[in-house]
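Trainee: I would like to learn how to read the fold and the chain contacts of a model. Where do we begin?

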Amino acid sequence: MLFTMKSEIQHFWELLWAMTEKELRSRYKYTIFGFFWLVANPIMQMVIIYFVFSFFMKEPIAHYQYYLFIGLLVWNFFSLSLTKGTPCIVNERSLIKKARFPVSVVPLSIILSNFIHFILALILFVIPVLFLGTLSFIHLPHIFFGLVLLLGFTIGLSLLTSALNVRFRDVNFFVQALLIIWFYATPIVYSISVIPYKFMWLWRLNPMTSVVQLMQYGFLGISPPGIAMLSSNIIVTIMIFLLGLSVFRSESKNFDDWI
Amino acid sequence: MDKTTAIKLTNVSKDYALREKSTLIEKFIKRKNKIFSALKNINLTIQKGERVGIIGSNGSGKTTLLKIIGGITPHTTGIVETYGKIASLIDLEAGFHPDLTGEENIALNGLLVGMNQSEVKENKKKISNFSGIGQFIKRPFYTYSSGMKFRLALAVAVASKCEILLLDEIFLSGDDKFLYKTISWLRGINRRQNLTLVIAAHDPMFVWEFAQRYIMLDHGKIVELSINDVMSIRRKNASLWKKIFPHTI
């Protein structure tokens, strides 16, 4: 019994890694610039947003290009994971029709491959930040915790949306629409300090607030999230994570019937 | 159950929910879905090492039965017991990624059918040799012909050391040479390793070379066929063929 448990867990990780490798390999296949797109995308976004928003920013944010860039990196990971993760069960129907296997590796491999990209981009980002002199070892736990929070929230939400999308294909469209609004509901292009206090509860419901703020603090030393923000964001993250896990678990048995 | 049982189905039924439109709002308006019973109260015991042919017209539930045995789709009621590692060849493209090469697909597909990383590495050469698709092994899967896809899928299943093999008739689409190789291999491994074989086909002709026991599915119900029944079905089908294609011999 114990032996089968152990080999099952090992099989899960091997499968997850193989699927992630597949994701990584197939993403830049038939592209000319390959991994260059990893940083080219957020740089282009950053340049445009910087150009536009610097016209009507009342209070300038220190190191605004860097501020934008770190927020965009985090956001790109999140939105790409959700965009690709939500329809992934339907897209990978050929795998699900083949054999009984832990289906959760399908969305998880998408998230993991995006996460590897994200970490690589983050490492490239560190180089210019080193010259800025805002980075110190004391901030490392904040960065680490921000990443854990981001990963937990993305996994929970992707499991939820990918499981629901099998039966209700509306979910995919809903997620697309939501992501556009969500981008502006997260302090990426602006600072949280411009939000009037009576609306603050909205940002407290959005775990991406703390994630972005923790990263901004970690890399650039810009004010960290407050205790109320952080704790309410953590609670939402845990709730979404557990909800996603349980919905995925109960729905995954029936995937084959709906695809 | 005794140790010689490979597959045992007790009162197994399978209902599919039918829905014309699948929107979230509709779900809340009318909760009840129409139901289509694909399988009704199936009782079936297959011994280890048996070669079973499942006969039935299109839509009679053959594939659903294979999928339930393989654990790919859940059954609605009843008990499904299987003993031994199962590999299924039901859908030609299943378990393969069109953009990956044959080699890369072997790794993925192997893990999917329950091999571990080291087994995949060990068997990579063997699989590509058995499949006999030559230099195509380094080309993406979408460039493959149906025959090649079949060969690769079968080769992986062979290497996975499965104890129960589920085959749908689509998998009898390889060319003569490969079919011969497949038949002789399946017989050999059936004899040597006590492989349990379940093959679905709409005409007994396709499974004639494999099966020693025949089961007929008719609108979700199961009937055990004697060899005489099978012969009369074959004769009936043969005369039907003559009617459809009067100019062939």
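**Reading chain A and its contacts**

Mentor: Begin with contacts along the sequence. This is a predicted model, and in chain A 79% of the contacts between residues at least 6 apart in sequence join residues at least 24 apart.

Trainee: How many helices and strands are there in chain A?

Mentor: Count the elements, then read their order. Chain A has 12 helices and zero strands, so its pattern along the sequence is α-α-α-α-α-α-α-α-α-α-α-α, with helices defined as DSSP runs of at least four residues.

Trainee: Why is chain A described as being as compact as a globular protein of that length?

Mentor: Compare the radius of gyration with the value from the globule rule. For chain A the radius of gyration is 19 Å, close to the 18 Å that the rule gives for 259 residues, so chain A is as compact as a globular protein of that length. Along the principal axes, the C-alpha atoms of chain A fill a box of roughly 60 × 45 × 40 Å.

Trainee: What percentage of the residues of chain A count as buried?

Mentor: Burial is read from neighbour counts, with 20 or more other C-beta atoms within 10 Å as the cut-off. By that count, 38% of the 259 residues of chain A are buried.

Trainee: How many residues of chain A are in contact with chain B?

Mentor: Count both sides: 23 residues of chain A contact 29 residues of chain B. On the chain A side, α1 (2–27), α5 (93–96) and α12 (255–258) each supply at least two residues. The largest share, eight residues, comes from α1(A).

Trainee: Which classes of residue make up that side of chain A?

Mentor: Sort them by class: the side of chain A that touches chain B has 12 charged, six nonpolar and five polar residues.

Notes:
Residues are numbered from 1 along each chain as its sequence is written. Chains are lettered from A and ligands numbered from 1 in the order in which they are written. This is a predicted model: local features need pLDDT of at least 70, side-chain atom pairs count only at pLDDT 80 or more; totals for chains, interfaces and linings use all residues. Two residues are in contact if their C-beta atoms, placed from the backbone, lie within 7 Å. Ala, Val, Leu, Ile, Met, Phe, Trp, Tyr, Cys and Pro count as nonpolar, Asp, Glu, Lys and Arg as charged, and the others, Gly among them, as polar. The radius of gyration is taken over C-alpha atoms; the globule rule is 2.2 Å times the number of residues to the power 0.38. A residue is buried if 20 or more other C-beta atoms lie within 10 Å of its own, exposed if 12 or fewer, and partly exposed in between; C-beta atoms are placed from the backbone.
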